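Hi everyone, thanks for coming. I'd like to walk you through one structure today, and I'll take it piece by piece.

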Protein chains: 2
Amino acid sequence: MPLKLENRIPDIVIGRLPLYLRALNRLKQEGIEVTSSHELGQRLGISSAQIRKDLSHFGGFGKQGTGYQINFLITKLQSVLKINQRWQVAVVGAGNLGSAISHYRGFQDRGFEIAWLFDADESKIGQQVGRFTVQAISELKKVISENKIQIAMVAVPAEQAQEVADILVDAGIRAILNYAPINLTVPDHVMVQYIDPVVHMQHMTYYLDENA
Amino acid sequence: MPLKLENRIPDIVIGRLPLYLRALNRLKQEGIEVTSSHELGQRLGISSAQIRKDLSHFGGFGKQGTGYQINFLITKLQSVLKINQRWQVAVVGAGNLGSAISHYRGFQDRGFEIAWLFDADESKIGQQVGRFTVQAISELKKVISENKIQIAMVAVPAEQAQEVADILVDAGIRAILNYAPINLTVPDHVMVQYIDPVVHMQHMTYYLDENA
DNA sequence: AACTGTGAAGTTTTTCACAGCC
DNA sequence: GGCTGTGAAAAACTTCACAGTT
């Protein structure tokens with residue numbers, strides 16, 4: 001997924017930046033204006049050295065003796081992650097999950113706007129789901145290319161997910177957040193990230209005691 | 001989260017097992033009975049060497065010259081991950097997200113049963129959400145300890161998430177899947193895994209072109 | 001006095017490559 | 001011939017520790 005062509009900064013570092021950003025926004029909400037790698041690390045369960053090293057990839061955001069100006073660091077990280085703009089996102093799948101995604105308020109202020117909701121199911125097309133009118137998947141390619149959409153979420157059953165991904169790729173999508181519990185096959189120029197709660201649950205059960 | 005006291009097998013390995021399992025079940029569904037580290041790796045975008053090394057931690061599951069018997073490997077991995085039993089799970093938060101979780105069918109056949117749905121909101125208590133009657137959070141401790149529940153999902157707004165986590169910890173929960181976009185502070189003996197779609201999205205935008 | 005940024009050291013993770021078995 | 005399991009090598013990642021700045 002790193003799309004690595006002369007990839008200077010490790011992908012694992014990039015993956016942590018959104019976590020830093022989330023914690024920083026939290027600190028800001030609490031009225032705190034300056035923080036340190038140590039404080040941030042405590043909150044995140046990450047060593048302070050790692051935070052300093054990660055941030056150092058992008059230039060000196062901190063001040064020796066003082067720490068990091070929270071507002072400044074937030075702005076810088078947003079810029080690095082290119083979320084100093086609002087990305088429009090298409091959602092495919094208007095079932096329970098797609099509906100929950102459409103209703104979720106948490107995308108707005110973190111760089112994303114859910115802008116379209118598609119479904120393959122005839123009976124759902126034209127229906128209102130939250131603030132969206134469900135559109136036919138046959139419209140997808142046109143909508144996505146006309147609006148230069150680069151990001152989509154897949155919220156259809158596993159059986160249809162690959163087919164939907166193929167359509168998205170064909171339409172020119174560059175990044176997919178896949179909620180279906182299945183690995184997608186896509187060309188190299190397309191990124192996929194996965195959300196599968198069961199994977200996290202199964203990871204944790206390894207460490208639990210089987211109950212009597 | 002590894003809970004590391006004489007932790008022989010790396011947590012990163014454990015984290016991949018659910019992915020292997022998911023892919024194996026897929027292969028099985030396709031009617032395939034035997035696979036190889038190479039085939040599995042192709043599907044997952046992981047090297048065959050890594051898969052062999054990961055699996056070797058648990059004993060010789062494969063046959064030289066042949067590969068891995070899918071049914072056998074599935075059984076073994078289920079056993080390693082302790083999902084050869086059904087874990088009962090409590091969900092806290094009966095909003096859009098909690099409702100979507102409650103309706104999701106995908107937990108059943110992968111080791112988990114959503115068994116209770118709680119909410120703090122007076123007006124929601126007693127309401128029917130899917131097959132659940134929403135219960136008051138004041139009942140939580142009793143229900144969880146009486147039923148020896150070890151796993152919970154947090155699906156409340158960020159502002160309430162830490163408070164809910166504290167209640168869960170107090171009730172004896174050992175593993176939390178947190179959907180709220182906030183880092184939880186819990187004692188060492190409690191694991192937390194996070195689901196925050198925005199984190200994945202922000203990870204991907206780093207690699208996208210800002211659009212004109 | 002407090003904290004950053006960073007080379008160097010240390011640790012973990014991945015890949016290589018091949019002996020051994022089917 | 002095909003494939004696993006595994007030491008050894010390589011690469012990646014994290015932590016240490018401290019010089020340098022405020």
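Let's begin with the sheet in chain B. It is an open sheet of 6 strands in the order 7-4-3-8-9-10, and the pairing is parallel. Strand 7 (135–136) and strand 10 (191–194) of chain B stand at the edges; each has a single partner strand, so one side of each has no neighbour in the sheet. Please keep in mind that this is a predicted model.

Now let's zoom in on one pair. Strand 3 of chain B, residues 87–92, and strand 4 of chain B, residues 112–119, are joined in the parallel sense by 6 bridges. If you'd like one bridge to find on the screen, take B:Val92, whose partner in strand 4 of chain B is B:Phe118.

What lies across strand 3, strand 8 and strand 9 of chain B? That's helix 7 of chain B, residues 158–171. Helix 7 of chain B runs at about 165° to strand 8 of chain B, which covers 151–154.

Next, let's move over to chain A and look at two helices. Two packed helices are described by the angle between their axes and the distance between the axes. For helix 1 of chain A, residues 11–29, and helix 3 of chain A, the axes come within 10 Å and cross at roughly 110°. These two helices of chain A are therefore roughly perpendicular to each other.

Which residues meet there? From helix 1 of chain A we have A:Val13, A:Arg16 and A:Tyr20, and they meet A:Gln50, A:Ile51, A:Asp54 and A:Leu55 of helix 3 of chain A. Sorted by class, this contact has 4 nonpolar, 1 polar and 2 charged residues.

Now for the DNA, starting with strand C. There are 23 residues around DNA strand C, and those that come nearest are A:Ser37, A:Arg52, A:Gly65, A:Tyr68 and B:Arg16. Of the atoms of this DNA strand within 4 Å of the protein, 58% belong to sugar or phosphate, and the rest to bases.

Let's look at some individual contacts. In the side chain of A:Arg52, an N or O atom is 2.8 Å from a base nitrogen of DNA strand C. A:Lys53 has a polar side-chain atom 3.3 Å from a base nitrogen of DNA strand C. With B:Gln64, a polar backbone atom is 3.0 Å from a sugar or linking oxygen of DNA strand C.

Which helix gives the most to the surface near DNA strand C? Helix 3 of chain B does, with 4 residues. By class, that surface has 5 nonpolar, 12 polar and 6 charged residues.

And now DNA strand D. Of the atoms of DNA strand D that come within 4 Å of the protein, sugar and phosphate account for 57%.

A polar backbone atom of B:Ser37 is 2.7 Å from a phosphate oxygen of DNA strand D. For base oxygens of DNA strand D, a polar side-chain atom of B:Gln64 lies 3.2 Å from one, and an N or O atom in the side chain of A:Lys53 is 3.4 Å from one.

Near DNA strand D, the largest share of the surface, 4 residues, comes from helix 3 of chain A. By class, this surface has 5 nonpolar, 13 polar and 6 charged residues.

Key
Residues numbered from 1 in each chain as written. Chains lettered and ligands numbered in written order. Predicted model: local features only at pLDDT ≥ 70, side-chain atom pairs only at ≥ 80, totals over all residues. Heavy atoms only, no water. Near = heavy atom within 4 Å. Polar contact = N/O pair within 3.5 Å; in protein donor to acceptor, adjacent residues only side chain to side chain. Nonpolar A, V, L, I, M, F, W, Y, C, P; charged D, E, K, R; others polar. Pairing = 2+ DSSP bridges. Contact = heavy atoms within 4.5 Å. Axes fitted to C-alpha atoms, helices over the stretch in contact; angles between N-to-C directions. Parallel < 35°, antiparallel > 145°, perpendicular 65-115°, else oblique.
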